Amino acid sequence: MSDDWSSRAMQTLKYAMAMKRNMQKKNITRAKAKCPYCDGYWHGRLAGPKQHLHMGCDGNCGAMMME
């Protein structure tokens, strides 16, 4: 595993967890935010009783995460 890939993964995780905290604070289950990597938007959804985050970018960077 390259260091560049792992640092990007950790940065994506950090941004996604901030998105989740903001969504929980506002008591919403769906949100979108500007992607830090490209011109697209992250679309996030909190799913299930444990509110797991499902997130993906609609731009060309391909960032995605599922908690």
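Q51 is partly exposed, at a relative accessible area of 29%. Here buried means under 20% relative accessible area, exposed means over 50%, and partly exposed lies in between (1.4 Å probe, protein chains only). The model is predicted: local features need pLDDT of at least 70, side-chain atom pairs count only at pLDDT 80 or more, and totals for chains, interfaces and linings use all residues. Residues are numbered from 1 along each chain as its sequence is written, and side-chain values use heavy atoms, with hydrogens and water left out.

Q51 sits in the loop between β2 and β3. Helices (H or I, at least four residues) and strands (E, at least two) are DSSP runs, numbered from the N terminus. Q51 is in contact with K20, Q24, L46 and E67, not counting residues up to four places away in sequence. Contact means heavy atoms within 4.5 Å. D3 lies 48 residues from Q51 in sequence and 30 Å from Q51 in space, C-alpha to C-alpha.

K20 belongs to helix α1. This lysine counts as buried, at 10% relative accessibility. Leaving aside neighbours within four places in sequence, K20 touches L46, K50, Q51, L53 and E67.

The structure holds three aromatic pairs. One of them joins Y15 and W42. Its geometry is edge-to-face, with 6.3 Å centre to centre and 65° between the planes. Y15 lies in helix α1 (residues 3-26) and W42 in strand β2 (residues 41-47), so this pair ties together parts that are 27 residues apart in sequence. Y37 and W42 form a pair too: the ring centres are 6.4 Å apart and the planes stand at 45°, so the pair is tilted. For these assignments, rings of Phe, Tyr and Trp (its six-membered ring) pair if their centres lie within 6.5 Å; planes under 30 degrees apart count as stacked, over 60 as edge-to-face and the rest as tilted. Ring pairs link Y15, Y37 and W42 into a cluster.

W42 is buried, at 3% relative accessibility. Y15 is partly exposed, at 31%. Y37 is partly exposed as well, at 23%.

Charged side chains also meet aromatic rings. R8 lies over the face of Y37, 3.8 Å from the ring centre. The charged end of K32 sits over the ring of Y41, at 4.7 Å from its centre. A charge sits over a ring if NZ of Lys or CZ of Arg is within 6 Å of the ring centre and within 35 degrees of the ring normal.

In soluble globular proteins, nonpolar side chains tend to be buried together. The largest nonpolar core in this model has twelve residues: A16, M19, M23, C35, C38, W42, L46, L53, M55, C57, A63 and M65. Such a core is a set of buried Ala, Val, Leu, Ile, Met, Phe, Trp, Tyr and Cys residues joined through side-chain atoms within 4.5 Å. At least two residues of this core come from each of α1, β2 and β3 (52-57).

M19 is one of the core residues. Beyond four places in sequence, M19 touches A31, K32, A33, W42, H43, G44 and M55. M65 is another core residue. M65 is found in strand β4 and is buried, at 16% relative accessibility. The contacts of M65 are L13, A16, M17, L53, H54 and M55, not counting residues up to four places away in sequence. The C-alpha atoms of M65 and H52 are separated by 10 Å, at 13 residues along the chain.

The largest pocket has a volume of about 200 Å³. On a 1 Å grid over the protein atoms alone, a pocket is an open set of points where a 1.4 Å probe fits, with protein on both sides within 12 Å along at least five of seven lines; lining residues have an atom within 4 Å of a point. Grid points are joined across faces, edges and corners, and a volume is the space filled by probe spheres set on the points. The lining consists of W5, R8, A9, T12, L13, C61, G62, A63, M64 and M65. Two or more lining residues come from each of α1 and β4 (64-66). α1 gives the most, with five residues.

T12 is among the lining residues. T12 lies in helix α1 and is buried, with a relative accessible area of 8%. Not counting residues up to four places away in sequence, T12 touches Y37, W42 and M55.
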